[in-house]
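Dear colleague,

Please find the structure below, handed over for your review.

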Amino acid sequence: MSTGPHARQRPRRYYGWVIVWVTVLSAIASAVVINPTIGVFVKPMEETFDWNRSVIAGAVAIGTLAGGVIALVIGPIIDRFGAKWVLFTAFLIVGGLFVAWSGVTSLWQFYAVIILARMLLQGMINLTNQTVLAKWFVRLRGRALAYGNLGQRFGQGAVPVMTQLIITGAGWRWAAASLGIFAWTLTLIPVLLWMRRQPEDMGLRPDGDTPVREGASAAADDRERRPPSTEIHFTLREALRTRTFYILLAVLCITSFVNTGINFNFIPYMSDQGLTEGEVAVVILVWSLIGIPAALAAGLLVERIPVQAVLGGFQLGMAVGTLMLIWLVNLPMGLVFAVVQGTAFGGSLLAQQVILADYYGSRHLGAIRGAVLPWQMASNAIGPLAATLVFDTQGSYTIVFWAYVAMQSLVFLALLAARKPRHHAVEAAGEG
């Protein structure tokens, strides 16, 4: 084996893939606070405390709104200091809150636990998971985010099913405590040991591209490396001056309103429609797992075709899935819904995470997402609350589900106008 100064060394494995798998663990753990998981607790808590569904959804709504507010502060912190301590602190507190949930005896205690947990989920955990990978990947951003989404999709299916099994066998209090311990076990050590801010801090470049060697000629360096990862970076102020930003803001807000309304309510809805607990668990599992190949496919698609086209296609699929939900009356129809809606939801979620980074760059992505999140989380909060209020007053979800179909169609039309903005520096270079 040649050992001279000109011998080619085997490239080290890019550390960005370690960040991907830490994000996978974080995403799985974050599923303890998502709407489908909290939805599993709805009927048991109705029976224990005689609370109606809109009262339970109210805690979720307030916590989600609070998460959007703190995101304004957390986003710039992630850009400057990185994700490690943000994630570690968030999961440390979330785990403790779920252990505390197991002992609640009054409504105010329940509200305190859920409001704080949802605030940490939306304002810290989700914001970090959606931001950190975009800083480590540019050319390979689609597939990196798709791999990261494996955790989210797996968690969205497995954690609600696990929760339902614990509730059936031991009660909802044991389930709440178990979820807190589960979140601690999965995240605290990996985040503390392996999370890093950005590749430049380790002397690396996005995607693992070879750094330019000091003193090497440009021609020699070009021969040794792959095409470099390049992107244009908008500051928050520059992004706010583009028309596309407000179109995307509307798209993300409407999508959050619809998705959270469906995700919070479809578990109790299927039970209302006559499906057994076992059948509901099967539908949830299929709905979640089918999103894994959908997210992987979406990750490859956004590297090859415009991301707004990918997102628009999945939005149409979600409208079809909502129609399936309206007509759901038995397990076979539930499985059709799970395949259609799960595929569209998994692909759409991936495309939503990519579009802001692709359009505005990653350098100030935390601040840009932090500016979007208050509005998106307001929609996220109102979605479940609006659906439960309709149910509590009308005894049915039909009206709100039809409204969702109309909104999903509107999102598709809005995406047709969401062209990628041009940065003033690029325009100036073109004029020169």
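Predicted model: local features only at pLDDT ≥ 70, side-chain atom pairs only at ≥ 80, totals over all residues.

Residues are numbered from 1 along each chain as its sequence is written, and side-chain values use heavy atoms, with hydrogens and water left out.

Cavities

A cavity is a set of points, on a 1 Å grid over the protein atoms alone, where a 1.4 Å probe fits but cannot get out, and lining residues have an atom within 4 Å of a point. Grid points are joined across faces, edges and corners, and a volume is the space filled by probe spheres set on the points. By this rule there are 2 cavities of 30 Å³ or more.

The second largest cavity has a volume of about 120 Å³. Its lining includes Thr-23, Asn-126, Gln-130, Gly-148 and Gln-152. Helix H1 (16-30), H6 and H7 each give two or more residues to this lining; helices are DSSP runs (H or I, at least four residues) numbered from the N terminus.

For the largest cavity, the volume is about 470 Å³. It is lined by 28 residues, of which Asn-126, Gln-130, Gln-152, Leu-349 and Asn-380 are the closest to its centre. The lining divides into 11 nonpolar, 15 polar and 2 charged residues. Among the elements that supply at least two residues each are helix H6 (107-136), helix H15 (331-360) and helix H16 (365-394).

Helix packing

The axes of H1 and H7 come within 7 Å and cross at roughly 20°, where axes are lines fitted to C-alpha atoms over the stretch in contact and angles run from 0 to 180 degrees between N-to-C directions. H1 is therefore roughly parallel to H7 (angles under 35 degrees count as roughly parallel, over 145 as roughly antiparallel, 65 to 115 as roughly perpendicular and the rest as oblique). The contact (heavy atoms within 4.5 Å) includes Trp-17 and Trp-21 of H1 and Tyr-147 and Phe-154 of H7. This contact of H1 with H7 has 11 nonpolar, 4 polar and 1 charged residues.

Helix H7 (residues 141-170) also packs with helix H8 (residues 172-194), at an angle of about 140° and with the axes 7 Å apart. H7 is therefore oblique to H8.

Yours sincerely

Key
1 Å grid on protein atoms, 1.4 Å probe; cavity = no way out; pocket = protein on both sides within 12 Å on 5 of 7 lines; lining within 4 Å. Nonpolar A, V, L, I, M, F, W, Y, C, P; charged D, E, K, R; others polar.
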